[in-house]
Amino acid sequence: MAGSGNRIGTSTGSCSAAAAKAALLSLTGQEVPHSVDIPLPGGERLAVAVDRAGYGHEEAFAEVVKDAGSDPDVTHGARIRARTQALPQEEREVVELRGGSGVGKVTQPGLPVEMGEAAINPQPRRQIREAVLEAMQATGFHTAVLVTIEVDRGDELAKKTMNPRLGIVEGVSILGTRGTVVPYSRESYRETIRMGLDVASSQGLREIALSTGGRSERLLAGYLPHMPEHGFVQIADFFSFSLQQAAARNFSRIYLSAFWGKLIKMAQGHSYTHAKASRIDFSLLADWCLQAGVDAPLAGEVEQANTARHALQILERSPCRDRVVAEAGRRARQQAGEFAGGRPEIVYYVFDFDGELVYRSG
């Protein structure tokens, strides 16, 4: 919980578990504390604040407002609610879990949850059940209970996520492999990439289209009209991880769309291309320029460039610009092939900062 810019948050899974535990306490007539202690998937514990709780019409509810910490999560501030009601026909400690309003429903194969079920991932399911069972044991409540998870405005929030593309409709997913949210968490994005690849693979696609972001994806889609929407996966900065994961699912061809700046980092062997984790070696780029026939003074300007955009602007003054771009593309393709284990065919589409195609391999 370090400085103000690096505050750990709470996952939707942990929020749901806390709300469910508090709702069970309310169902048994207990006073609900301002925060409840819940188990985390890794065996640790976490205290989560409870915003509201109540009882009426033979069911109880509790609400938790998600705090994503410093992570730019679309569900930050979302109100997550759990409703509990006893199932008297089952006189034993059983927790039946359902998704309610604002929780997505799975409509496509390839996800860790079966089609037709609520989009509550396996780890959060276990976490919610464990939290409720703890409350049941603490209060001596031995009747089976139905727990329904809801997310206010979940259907609206889901439009800002990858859920529609993954075939998750009507709401957000309840996620969390560790229970807490690390700011700018790499693991959460890696999980999104895995799910996108799984959906494409499960529907029989043998080709996959990877892009570094939304704009490069839209540009790539214009060149691949045969590809369905679920055949596109945004990989952000996860270059090596995405190639390895795609190869592991036996895609025979990988289309990869990137802008010039990302291409240079890929060509220079960076496995993760985020600005904070990788830097462009402009001296190396200048060497490529010389090898491509760029005259020495202009290559010297490239070496002193401030940004990738600046370097490309300098190269506009050389008739060898396309050779330099092609050399960077060749090196990036070679590096991608190594990350993918040499099995799938790699086809690059590279765009300049105005969205013009400047290189296509294969």
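Residues are numbered from 1 along each chain as its sequence is written, and side-chain values use heavy atoms, with hydrogens and water left out. Because the model is predicted, local features need pLDDT of at least 70 and side-chain atom pairs count only at pLDDT 80 or more, whereas totals for chains, interfaces and linings use all residues.

In soluble globular proteins, nonpolar side chains tend to be buried together. A residue is called buried when its relative accessible area is under 20%, exposed when this is over 50%, and partly exposed in between, with a 1.4 Å probe and protein chains only. A nonpolar core is then a set of buried Ala, Val, Leu, Ile, Met, Phe, Trp, Tyr and Cys residues joined through side-chain atoms within 4.5 Å. The largest nonpolar core of the model has 54 residues, and those with the most contacts inside it are I208, L210, L243, W260, L285 and Y348. Helix α12, which spans residues 321-339, gives the most to this core, with six residues; helices (H or I, at least four residues) and strands (E, at least two) are DSSP runs, numbered from the N terminus. With contact taken as heavy atoms within 4.5 Å, and with residues up to four places away in sequence not counted, L285 touches W260, I264, Q268, V302, A311 and V324. A second, separate core of 41 residues includes A17, L25, V64 and L97.

Rings of Phe, Tyr and Trp (its six-membered ring) are paired if their centres lie within 6.5 Å, and the planes count as stacked when under 30 degrees apart, as edge-to-face when over 60, and as tilted for the rest. The structure holds eight aromatic pairs. In one of these, the ring centres of F238 and F241 are 6.5 Å apart and their planes stand at 70°, so the pair is edge-to-face; both F238 and F241 are buried. Another pair, that of Y255 and Y349, is tilted, with 6.5 Å from centre to centre and 55° between the planes. Y255 lies in strand β16 and Y349 in strand β17 (residues 345-351), so this pair ties together parts that are 94 residues apart in sequence. Y255 is buried at a relative accessible area of 6%, and Y349 counts as buried at 6% relative accessibility. Y223, Y255, F259, Y349 and F351 form one aromatic cluster. A charge is said to sit over a ring if NZ of Lys or CZ of Arg is within 6 Å of the ring centre and within 35 degrees of the ring normal, and R190 lies over the face of F241 in this way, at 5.9 Å from the ring centre.

Strand β16 (residues 253-259) also holds S257, which counts as buried at 0% relative accessibility. Its side chain reaches the backbone oxygen of S216 at 2.9 Å. Apart from residues up to four places away in sequence, S257 touches L210, S211, T212, S216, L220, Y349 and F351. A further serine, S240, lies in helix α7 (residues 239-248) and counts as buried at 11% relative accessibility; when residues up to four places away in sequence are not counted, S240 touches S271 and F339.

A disulfide is a covalent bond between the sulfur atoms of two cysteines, and here the term is applied to a pair of cysteine sulfur atoms within 2.5 Å. By this rule the count comes to zero disulfides. The sulfur of C289 is 9.3 Å from the closest cysteine sulfur, which belongs to C320, and this is too far for a bond. C289 is buried, with a relative accessible area of 0%, and C320 counts as buried at 8% relative accessibility.

Most residues other than glycine have a negative phi. E170, although not a glycine, has a positive phi of about 75°, and this residue is placed in the loop between β11 (168-169) and β12 (171-172). Phi of N250, also a residue other than glycine, is positive and near 65°, and N250 is found in the loop between α7 and β16. E170 counts as exposed at 53% relative accessibility, and N250 counts as exposed at 53%.

Conventions:
A polar contact is a pair of N or O atoms within 3.5 Å; within protein, one must be able to donate a hydrogen and the other to accept it, and residues adjacent in sequence count only if both atoms are side-chain atoms.
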